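Please look over the sequence and the model below before reading the notes that follow.

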Amino acid sequence: MTAPYPPPGAAAGQDRTTLWGVLGIVVGLLCCGVLGIVFGYLSIRDARRFGNSPVLGWLGIAFGVLNIVGNGILYAGGIDPFN
């Protein structure tokens, strides 16, 4: 009797879930909220593809949105956050 086949491995390619998540958090906090959202989305996409946790991606998106909202509030209050 032969042993059953082992389960298939992860999808081919490199797992960049952590890279995209950390980039999303750092960029979302420091400079560009839109890029934080984009990198957060890429982290979530890779997390689903490779079976990892999407927490870093969600944090990147949250910090990106907070950056955009915070800059909007500052701009509405008469402070130009871009100078």
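Is Arg 45 buried, partly exposed or exposed? With a relative accessibility of 33%, Arg 45 counts as partly exposed, where buried means under 20% relative accessible area, exposed means over 50%, and partly exposed lies in between (1.4 Å probe, protein chains only).

## Basis of the model

This is a predicted model, in which local features need pLDDT of at least 70 and side-chain atom pairs count only at pLDDT 80 or more, whereas totals for chains, interfaces and linings use all residues. Residues are numbered from 1 along each chain as its sequence is written, and side-chain values use heavy atoms, with hydrogens and water left out.

## Salt bridges

A search of the whole structure finds 2 salt bridges, each defined as a side-chain nitrogen of Lys or Arg within 4 Å of a carboxyl oxygen of Asp or Glu. Asp 46 pairs with Arg 45, the closest N and O atoms being 3.5 Å apart, and Asp 46 also meets Arg 49 at 3.7 Å, N to O, so that Arg 45, Asp 46 and Arg 49 are linked in a network.

Asp 46 is buried at 3% relative accessible area, while Arg 49, at 44%, counts as partly exposed.

## Helix packing

The axes of helix 2 (residues 33–50) and helix 3 (residues 55–76) come within 7 Å and cross at roughly 165°; axes are lines fitted to C-alpha atoms, for helices over the stretch in contact, with angles running from 0 to 180 degrees between N-to-C directions. Helices here are DSSP runs (H or I) of at least four residues, numbered from the N terminus.

Helix 2 and helix 3 are therefore roughly antiparallel, a term for angles over 145 degrees.

Conventions. Helix = DSSP H or I, 4+ residues; strand = E, 2+ residues; numbered from the N terminus. Parallel < 35°, antiparallel > 145°, perpendicular 65-115°, else oblique.
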